[in-house]
Amino acid sequence: MRFSKTFIKTLRSAPKDEIARNGALLSRAGYIHKELAGIYDYLPLGLKVIENIKNIIREELNKIGCEEVMMSALQNPELWEATGRFSDQEVDIWFKTELASGGVLGLAPTHEEPMTNMLKTYVSSYKDLPLYAYQFQTKFRNELRAKSGVMRGREFLMKDLYSFHTSEKDLDDFYEKVENAYNKIFERLGIGDCTYKTFASGGIFSKFSHEYQTILPVGEDTIYYNSDKSLVFNKEVFEDEILADFDASKEDFTEDKGAEVGNIFKLKFKYSEPLGLKYTDDKNSEQFVYMGCYGIGVSRLMGVIAEKFADEKGLVWPETVAPYKYYLVGIGEKGQAAAEELYKGHEDIILFDDRDVRPGEKFADAELMGIPTRIVISDKTLADNKAEITNRATFETKLVDLKEIIM
Ligand code: ATP
Ligand code: MG
């Protein structure tokens, strides 16, 4: 991308009501635009980050046999009434809307009900199972507080996966595969070493569900971990009786802040029973389908990664999620001509700052935007056929042969 050709501009200040650092930095650096509290537009750079995160998730889920779908945002209340989840008393974050022809629809805060119901059309025999369907979908939640930038949206992007099985054993096995996939995903996103599987409440057969918590000072959750972080609990389950089952007690744990980037649940028949998702087994008798569900907050992850790595100069993206790998600047007439040459054929990995502004302004924007590697070609570096390469995270600088910069 050529800087001169995009409508993006970096901004001197963030929206004045944006108190979260991720929201402020992402706004100033031209990744997002704030519409309202918890409601954001994703601009070309921001969308690239979102797509990179999605692709990592997609690759790891496809490897374990998951199939991608995209379900509707507008919801039939009848499905949610069947599980008792349409009432505002039961679920207090609904956005609801009215049909011109009469009647109310919901805007999906999650998709267990429609997914379970949709599969009634396609699942009838044990031969149809197991199956694993997921989507990347905009969810709507009327969150009371939306002060954490893209980490808590009223409209946000979630990856939600649902699994369907004929036995508890099969569900358990798949749950483990998802755990492995999640580890790989968080590793590839650059937050593997600070993201922990955490015991949480809400399990259907076991006592627990699991959350994936990234340790972060501005995280909204409180978590407790032991010295090697092999046991992590969220606040809901950090109780003496529960810890006793793990041969642990409260004083073995350190309290910290976390951001929940994902969670996984064994649902058993919680949705298949009220919605009537059944199959006939090999003895021709009807059974309810076992279910699991597995979420990841895609737009929240963008905020968490931004918060995790940002420094006083701006954003710092891990290479795997960065919108571009290189930020290219040419200085002087020959430097600019050589930069043009280097840019050719690498338009998808280089953000070429070809604007007619001072180098200092370009460097400041490169730092604010957090592109992993800055390449500067000047008349001086050209004298040795080299360019200056600077690592955004460490500020390490070296001279590299022009031919060897982009591999
Ligand atoms: P939280 O406790 O943070 O409200 P939740 O338990 O309501 O999360 P789920 O309903 O399980 O979350 O949603 C799955 C994932 O979606 C969460 O793990 C989180 O990463 C993300 N998520 C949930 N709510 C939001 C939100 N308002 N904005 C952005 N991401 C969210
Ligand atoms: Mg919530």
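## A stacked aromatic pair

In this predicted model, Phe238 has a relative accessibility of 10% and therefore counts as buried, given that the cut-off for burial is under 20%. A search of the whole structure for ring pairs of this kind returns 21 aromatic pairs. In one of them, the ring centres of Tyr224 and Phe238 are 3.8 Å apart and the planes stand at 0°, so the pair is classed as stacked. Tyr224 belongs to strand S11, which covers residues 221-225, while Phe238 sits in the loop between strand S12 (232-234) and helix H6 (240-244), so the pair ties together parts that are 14 residues apart in sequence. Tyr224 is likewise buried, at 10% relative accessibility.

## A tilted pair

Which pair has planes at 50°, and how is that pair classed? The rings in question are those of Phe269 and Phe288, whose centres are 6.1 Å apart and whose planes are at 50°, so the pair is tilted. Phe269 lies in the loop between strand S13 (254-268) and helix H7 (272-275), whereas Phe288 lies in strand S15 (residues 286-288), and the pair thus links distant parts of the chain, 19 residues apart. Phe269 is partly exposed, its relative accessible area being 22%, and Phe288, at 25% relative accessibility, is partly exposed as well.

## Charges over rings

Lys229 lies over the face of Tyr225, at 4.7 Å from the ring centre, and Arg355 lies over the face of Phe3, at 3.7 Å from the ring centre.

Is Asp160 buried or exposed? Asp160, a residue of strand S8 (residues 155-165), has a relative accessible area of 2% and is therefore buried. The side chain of Asp160 is joined to that of Lys139 by a polar contact of 2.7 Å. When residues up to four places away in sequence are not counted, Asp160 touches His111, Ala133, Tyr134, Gln135, Gln137, Lys139 and Tyr294.

Asp228, in the loop between S11 and S12, has a relative accessible area of 54% and is exposed. A polar contact of 2.6 Å connects the side chain of Asp228 with the side chain of Ser230.

Asp221 is located in strand S11 and counts as partly exposed, at 23% relative accessibility. The side chain of Asp221 makes a polar contact of 3.0 Å with the side chain of Gln213. With neighbours within four places in sequence left aside, Asp221 is in contact with Gln213, Asp256, Lys257, Gly258 and Glu260. The C-alpha atoms of Asp221 and Phe164, residues that are 57 apart along the chain, are separated by 30 Å.

## The largest pocket

Rolling a probe the size of a water molecule over the atoms shows where empty space is left. The largest pocket contains about 1,300 Å³ of space. Its lining comprises 48 residues, of which Arg141, Met158, Glu260, Asn263 and Phe265 lie nearest the centre of the pocket.

Which element supplies the largest share of the lining of the largest pocket? That share, 6 residues, comes from S13. At least two lining residues are supplied by each of S8, strand S10 (209-215), S11, S13, strand S16 (290-297) and helix H8 (298-309).

## An enclosed helix

Notes: Residues numbered from 1 in each chain as written. Chains lettered and ligands numbered in written order. Predicted model: local features only at pLDDT ≥ 70, side-chain atom pairs only at ≥ 80, totals over all residues. Heavy atoms only, no water. Phe/Tyr/Trp six-rings, centres within 6.5 Å; stacked < 30°, edge-to-face > 60°. Helix = DSSP H or I, 4+ residues; strand = E, 2+ residues; numbered from the N terminus. Buried < 20%, exposed > 50% of the residue type's maximum accessible area, 1.4 Å probe, protein only. Lys NZ or Arg CZ within 6 Å of the ring centre and 35° of its normal. Polar contact = N/O pair within 3.5 Å; in protein donor to acceptor, adjacent residues only side chain to side chain. Contact = heavy atoms within 4.5 Å. 1 Å grid on protein atoms, 1.4 Å probe; cavity = no way out; pocket = protein on both sides within 12 Å on 5 of 7 lines; lining within 4 Å. Points joined across faces, edges and corners; volume = space filled by probe spheres on them.
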